[in-house]
Amino acid sequence: PLLEKPNRIEYPENFVLRVPNGRVLGDGTVVVGENSILAESTTDFHRKQEHHYLLNEHRVPNPERFDGRLAVITSPGSANYFHWTLDSVPRLSLLAGLEDEIDGYYIDSRSPFHQEWLGMLGIPENKIVSASPGRHLEAKELIIPSFAGIAGLPSMEGLDFVASFKPTTTKSDRRVYLSRAGARRRRIQNEDELLPLLERHGFEIIRPGEMTVREQMETFSTADVVVAAHGAELTNLAFCARGARVIEFLSPYYHNPCFKQLAAARALRHAALVGSGGEKIFREQTDAHHVWANIRVDVDVLEKELLLVLNQPISNP
């Protein structure tokens, strides 16, 4: 069914903090003063901040010295396309005008999508200080931008910054289905039953994980309807034109609203279809969070949802 209108989200005030002789560890966790964590610039996905994982570490490596001003861009989870695009990249928007003061950027650079984004962002290679899980740096000065919004959902300005890198395109009536056939987790168990229905309604079958970032931007910016299982590929909703329509498949055990919220922020029309499946994983407790359970989608239910969504007027809301 179509989801209810989301509640209004209150964003904290943005900031850029300068910390002389500050330290940064691994995923961008900043340590100031007498081993205090700067909670406003990091997050721990599994605990409250007062129980942050780093507080239980018995030992951390001795810090390397960075003799300059180091901007902390990486954030927890940014090895993942979603957290990189919606948490790390928007932080750079808060540093406009400070580029000449920054000697290095503590930032992810491991994956092809990181490398492609770094090229689009125009960060010089000699200023990239690669973040990694075991790294510990102490800088002459840390320059720390806050999240440009909240973790997982940038403000309108942060999203506009991310979307500003997409190519100039003309909105079309393109319909795309995002296949996770090659994924290890959260696959559609009966995808072969869904594809004839989707193709009959004019859907292209795409695999975003096999595409460059630029190709993903171009695809989503010209899409009018997107159908997909919950997953990082839906990060690309940030590039859709206003009024585009989305059907998201959810596991019965995991109802993360992040893409519902992203769709609302980009003025998209979002519908959720909760499938079945994952009973074996649930019963055998092989996945404590049930985050990765595969999903089975009822073909008849999907057809009804498609007819409902496709019959909506295309005009912008």
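**Notebook: strands, helices and cores**

I began with strand β2 (residues 23-25), which is joined to β3 by three bridges, the two strands running antiparallel. For my own record, helices (H or I, at least four residues) and strands (E, at least two) are DSSP runs numbered from the N terminus, and two strands count as paired if DSSP finds at least two bridges between them.

The model is predicted, so that local features need pLDDT of at least 70 and side-chain atom pairs count only at pLDDT 80 or more, while totals for chains, interfaces and linings use all residues. Residues are numbered from 1 along each chain as its sequence is written, and side-chain values use heavy atoms, with hydrogens and water left out.

**Entry 1, the two hairpins**

I then followed β3 onward to strand β4 (residues 36-37), to which two bridges join it in antiparallel fashion, with V31 standing opposite I37. This hairpin of β3 and β4 also has three residues between its strands, and G33 in the turn shows a positive phi of about 55°.

I also looked up the side-chain directions along β3 (residues 29-32): T29 and V31 point one way, V30 and V32 the other way, and all are buried. Buried means under 20% relative accessible area, exposed over 50%, and partly exposed in between, for a 1.4 Å probe and protein chains only.

I noted eight helices and 15 strands in the chain. Of its 317 residues, 50% count as buried. Among contacts (heavy atoms within 4.5 Å) between residues at least 6 apart in sequence, 74% join residues at least 24 apart.

I traced an open sheet of five strands in the order β12-β11-β13-β14-β15, with parallel pairing. Its edge strands, each pairing on one side only, are β12 (203-206) and β15 (269-274). From one strand to the next the twist averages 20°. Looking at one of the pairs, I found six bridges between strand β14 (residues 245-250) and β15, which run parallel, and L250 has V274 of β15 as its bridge partner. Helix α8 (residues 299-310) packs on this sheet, where it touches β11 (174-178), β12, β13 (223-229), β14 and β15, and its direction makes about 160° with that of β14.

Axes here are lines fitted to C-alpha atoms, for helices over the stretch in contact, and angles run from 0 to 180 degrees between N-to-C directions. Angles under 35 degrees count as roughly parallel, over 145 as roughly antiparallel, 65 to 115 as roughly perpendicular and the rest as oblique.

Helix α2 (residues 112-121) packs on helix α5 (residues 213-221) at an angle of about 75°, and their axes are 9 Å apart. Therefore α2 is roughly perpendicular to α5. On the α2 side I listed F113, E116, W117 and M120, which meet V213, R214 and M217 of α5; these contact residues divide into five nonpolar, no polar and two charged. Ala, Val, Leu, Ile, Met, Phe, Trp, Tyr, Cys and Pro count as nonpolar, Asp, Glu, Lys and Arg as charged, and the others, Gly among them, as polar.

The axes of α1 and α3 come within 9 Å and cross at roughly 95°, so α1 is roughly perpendicular to α3. Here T85, L86, V89 and P90 of α1 meet G158, L159, F161 and V162 of α3, a contact with six nonpolar, two polar and no charged residues.

A nonpolar core is a set of buried Ala, Val, Leu, Ile, Met, Phe, Trp, Tyr and Cys residues joined through side-chain atoms within 4.5 Å. The largest has 45 residues, of which L95, Y105, W117 and L237 touch the most other members. The elements giving two or more residues to this core are α1 (81-91), β6 (104-107), α2, α3 (156-163), β11, α5, β13 and α6 (258-265). Leaving aside residues up to four places away in sequence, W117 touches W84, T85, V89, V162, F165, V213, M217 and F239. Another core, of 19 residues, lies apart from it and includes L194, F249, I295 and L306.

I placed S75 in the loop between β5 (64-72) and α1, where it is buried with a relative accessible area of 1%. Not counting residues up to four places away in sequence, S75 touches D27, H83, D87, S88, R91 and F147. P252 sits in the loop between β14 and α6, and at 31% relative accessibility P252 counts as partly exposed. The C-alpha atoms of P252 and R296 are separated by 9.8 Å, although these residues are 44 apart along the chain.
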